[in-house]
Amino acid sequence: MAVQMNQESFIMQAWDLIEEIIHANSSQQDLNATIEHLLDDPDDSDEAMDDLLLLSEVRKLTEIEDEVSLLEKLTLLFQQVRASTTILRPYHQHFVTPDGCNRVTWSNFQSKYPVGIFQKLFRFKQEHIAVLISALEIPESISFDGYITSGIEALLLLLRRMSSLCRYADLSMEFDLLPQYQSQVFNGLCVFLFKKIGPHIRRLDHDWFTDRSNLDLWSAAMREKGCPLENTIGWGDGTHIPVCKPIEGQRPWYCGHHKTHCFKALVLTTVSGLMLGFGPFDGSTHDSLAADIVGLDDLLMEHLSFHDGTHFNLFLDAGYRVGHSMITPYRRRRDMTQDEMEWNRRMCRDRVAVEWSIGKIKTLFKMLTYKKNLKALLSPVATYFFLAMHLTNLHTILYGCEVAQYFDVDVEPLESYLRGFR
C-alpha cells in the first residue's frame, strides 16, 4: 500500500511539473515557438541544451493519447528532471536583471515597498530610514571586498534579512542581487556597525544611564508600582541564542540546561525600556558567572553611586549572587517569613519587564530565533544579537515600548542616547 501511495505521489508531482511547463506555453504554437527560439539561440551551454530537450519531450507528451503510455513517459521524464544537475535548480537561479536596474535606491524604495507593508518588512517606517542611516553613520556608498552598494540598499537588506526567516535566494528577486552579493553586503555591514557600537552597547558609563535625574525618575516610577526596595532603577537577566552545532569545539557552545548549542548574553533593562548588554559568553556559562566575569556589581557601584551616599541598584533573579548593587530575591527556605515572601512577590512581579525587553529583540528580529541561520564559526553570530539590541533601542526611542508605557515614563531622546556612541 505504501509503495502504491509513493508511486501516486510521484506521478502527481510529475504531472504538476508538466502542467507548469504547459501553462507557461499555453498553446502548441507557443511551445513550438519556444523550441524554435532555443534552437536559434547561440547559447550552447548545458543548461540551454537541457531546457531544449525537456521542452521537446513535453511536446511529444501532448501528442500521446493512451493513458498508460502517457504515465510511463511522464514517469521517465520526471526521473530525468530530478536527476539533472541543471534543471530545477532554484537556489542557483539568478532571478536578477543583467544591469541591476531593479536594485534598491533612494528614488525607488518607496514605490518598491508601499507604506502599508514597509514597517512589517523592515520594522521601521519609511520616514525614519534617513534617521536610521544618520544615527548609524552609514556612508552614502560603501564597498565590502569589492562588492559596492549604497547606504540605503545595505541598511534595507540588513533589516529585511534580520526581521525575517528568508534565505538569500528568497531575496534575490526583491533586491536584484545574487545570494553571494547579499551575503557580502549583509555580513559586511553587520561587522562595520558592530565595530562602531560594540564597545559602547557593552558599557555602563552613558550619560543617560548615569544621569541622577533619570535615576531618580526611574526609581520613583518603580515605587509607584509598589516596588518595596528603594532606588531600584531596572533589572538584569541572561538570555541564550541557539546556533547551529559547530563543526569543531562544540563543548563550550553547549548549554546543558537548554539542551542546545548557543551563546549567552547578559541584558540590563531600565524602566524606560532601553537596554545595555554584556557578552558573548560560552553556552556553558552560568548567568551568575557571566555577571562575575564582567564585574557587574563593581560596575554598578562605580557608576550608580553618588557623593551624598545614595546608591542605585538593579534587581536580578535568584540565579545570581547578592552584591552591593545586585539585589536578588530571598532564597527559599523552610523558615521564610510572610514579610519575606511578600517582598519577593512584589519585587518579582515587575521583573518581567526585562523579559519584555529581551522578547522585543527576538520578536522584531526573527533571524535570532532561527538557529539554522546562525552558523557558529562561519558567521559573526554574536554581532547579530548586539546589533539587534541597538536597533531595538532605536525602535523604542522612535515608537515607544511596553516597559516605558507600563511604568509611565518617557524614553530618552535620540540625541541623548546616541551621544554615548560617538
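## Surface and overall make-up

Accessible areas are worked out by the Shrake-Rupley method with a 1.4 Å probe, and for residues only the protein chains shown count as cover. On this basis the accessible surface of the chain comes to about 21,600 Å², of which 53% belongs to carbon and sulfur atoms. The structure is a predicted model, in which local features need pLDDT of at least 70 and side-chain atom pairs count only at pLDDT 80 or more, while totals for chains, interfaces and linings use all residues. Residues are numbered from 1 along each chain as its sequence is written, and side-chain values use heavy atoms, with hydrogens and water left out.

The chain has 19 helices and 8 strands, taken as DSSP runs numbered from the N terminus (helices H or I, at least four residues; strands E, at least two). Of its 422 residues, 49% count as buried, a word that stands for under 20% relative accessible area, with exposed over 50% and partly exposed in between (1.4 Å probe, protein chains only).

## The largest nonpolar core

A nonpolar core is a set of buried Ala, Val, Leu, Ile, Met, Phe, Trp, Tyr and Cys residues joined through side-chain atoms within 4.5 Å. The largest one holds 106 residues, among which I129, L158, L159 and F385 touch the most other members; its largest share, 11 residues, comes from helix 17 (residues 381–399).

Leaving aside neighbours within four places in sequence, I129 is in contact (heavy atoms within 4.5 Å) with residues including W106, F118 and L159.

## F407 in helix 18

F407, which lies in helix 18 (residues 402–407), is buried, with a relative accessible area of 3%. Beyond its neighbours within four places in sequence, F407 is in contact with A221, M222, K225, W235, V271, D350 and A353.
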